[in-house]
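Okay, thanks for making time, everyone. Let me put the model up on the screen, and then I'll walk you through a few spots in it.

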Amino acid sequence: MDKFVIRGGNPLLGTVRVSGAKNSALPCMAAAILTAEEVVLENIPQVQDIETERKLLVSMGAEVELGYGRAQHRTTVSCAVLSDPVAKYEIVKTMRASSLVLGPLIARTGVARVAMPGGCAIGGRPIDLHIKGLEKMGATISYEHGYIEAKAERLKGTEILFDKITVTGTEDLLMAAVLAEGETVFENCACEPEVVDLATMLIGMGAKIEGAGTPTIRVQGVDKLHGVRHRINPDRIEAGTFLVAGAITGGDLQLTNCNPEHLGAVIHKLQECGARIDILGKDAIRVRSEGNLKAADVSTQEYPGFPTDMQAQYMALATQAEGASLVVENIFENRFMHVSELARMGANIKVEGRTATITGKSPLSAAAVMCSDLRASASLVLAALVADGESILDRVYHMDRGYEHIEEKLRGVGAQIRRMGKVFG
Ligand code: EPZ
């Protein structure tokens, strides 16, 4: 089980290149199911969840090449033959975003068997809204042995209003609708950049979609989609994590290959805390701080509000800010797992339901801590970067799911971090 060893105290100085967005790449790879032709996706991050998605597609009969380094972080997916349209439990249990194959599978083959994802550390995370939408489009759904079985001759366009805003629910049903008969109008859609990225790819494949990125998306179904070459968005959450890293360590960081337009809420909040942030162009941002940060409240919201995926990272920053910061987690019911670990490093945090009150500035001391989920891991790395002494972070496999070469990137800007327990050679 890999661990990180991090010695705190160094301000981060220099330039970090942001990788492609995992949460764009996952739906875009699933969208390759919608055509028999080859799909090429660029700027794919080399993270565990992408490898899991590759395994999932191959297990269904797809051919997937995944190349990094000189291969420009590119994947080529060919779903000419989908011999076994089943998302097996062994794979789904390791990545609940596997449910993103449900919509494209039923749209392309008329049948889909997907293991129920089950919950995860941050919440129950049901997919009832995905199912409800598919039923509204004419799919017959049955459940047996922990699998969802969906069947439809051909899905039919209809009107769907999401009871709750769901990112992968919007993506899953968008992929179902592009090959449906007639028009589908979605209301109360997620507006995240990852939805727009997927829609851009689908339009490149010949889909007819209007309104992606707004609460109302209109789709005219077509009979067939063709292959496409598409470049994945930069990862706005990785970028946000590094902005916090520059601010919390009192450093001076430049981020390249990012998209400042996707980071509005995070940039404004960090500026409210006293960090200096300059937009250096359409794909670069600079963050500076002398370390004198002020408390500021955060309430997580769907995009363009403050992202839930930045809540844990922000909480680490709030421990170093003068005053009390209120952090309200509105999206997931159990996304404070990092609190007890931060408290073990000396943070002063009180949790009441979905609200955490962080009182700073608390000097943090290094400790052995446990990562519980992807973004909680990032929070503990950030805290360890400013803690006094050497921290040991266990179960960093959580971090490897969504952050590409994180220790190399941090070391490259002056962090004292190394990975332990990796079998080299
Ligand atoms: C996506 O998850 C992201 N994952 C998550 O990122 C992110 O935290 C989340 O959106 C919110 O932004 C991917 O894109 C792969 P939701 P998703 O459906 O789509 C409830 C990370 O750190 N809900 O928008 O699963 C749900 O329980 C991950 O990279 C239903 O009730 O999230 C939650 O309370 C973590 N029924 C709320 O909606 C449904 O059918 C929002 O969930 C679907 C969702």
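Let's start at E238. Leaving aside neighbours within four places in sequence, E238 is in contact with R17, V18, S19, Y403 and K409, where contact means heavy atoms within 4.5 Å. E238 sits in helix α8, residues 236-248. Helices here are DSSP runs of H or I of at least four residues, strands are E runs of at least two, and both are numbered from the N terminus. So, is E238 buried or exposed? At 2% relative accessibility, E238 counts as buried; the cut-offs are under 20% relative accessible area for buried, over 50% for exposed, and partly exposed in between, with a 1.4 Å probe and protein chains only.

Quick housekeeping before I go on. This is a predicted model, so local features need pLDDT of at least 70 and side-chain atom pairs count only at pLDDT 80 or more, while totals for chains, interfaces and linings use all residues. Residues are numbered from 1 along each chain as its sequence is written, and side-chain values use heavy atoms, with hydrogens and water left out.

Next up, F186, in strand β11, residues 183-187. F186 is buried too, with a relative accessible area of 1%. Again skipping neighbours within four places in sequence, its contacts include I160, F162, L173, L174 and A177, and also P215, T216, I217 and V219. Take L173: 13 residues away from F186 in sequence, and 8.9 Å away C-alpha to C-alpha.

Strand β3, residues 38-42, runs parallel to β14, and four bridges join them. If you want a pair to look at, V40 stands opposite R229 in β14. For angles, axes are lines fitted to C-alpha atoms, for helices over the stretch in contact, and the values run from 0 to 180 degrees between N-to-C directions.

There's another open sheet of four strands, β6-β7-β9-β8, also with mixed pairing. Its edge strands are β6 (86-87) and β8, each pairing on one side only. Helix α4, residues 102-109, packs on this sheet, touching β7 (111-115) and β9, and its direction makes about 160° with that of β7. Strands β8 (140-144) and β9 (147-151) run antiparallel, joined by five bridges. T140 stands opposite K151, and E144 opposite Y147. The hairpin has two residues between the strands, and H145 takes a positive phi near 50° there.

Last one: how do α11 and α12 pack? Helix α11 (337-344) and helix α12 (374-386) are at an angle of about 20°, with their axes 9 Å apart. They are therefore roughly parallel, a label for angles under 35 degrees; over 145 is roughly antiparallel, 65 to 115 roughly perpendicular, and the rest oblique. On the α11 side, H338, E341 and L342 meet A376, S379, L380 and A383 in α12.

That's my tour, so over to you.

Terms used: Pairing = 2+ DSSP bridges.
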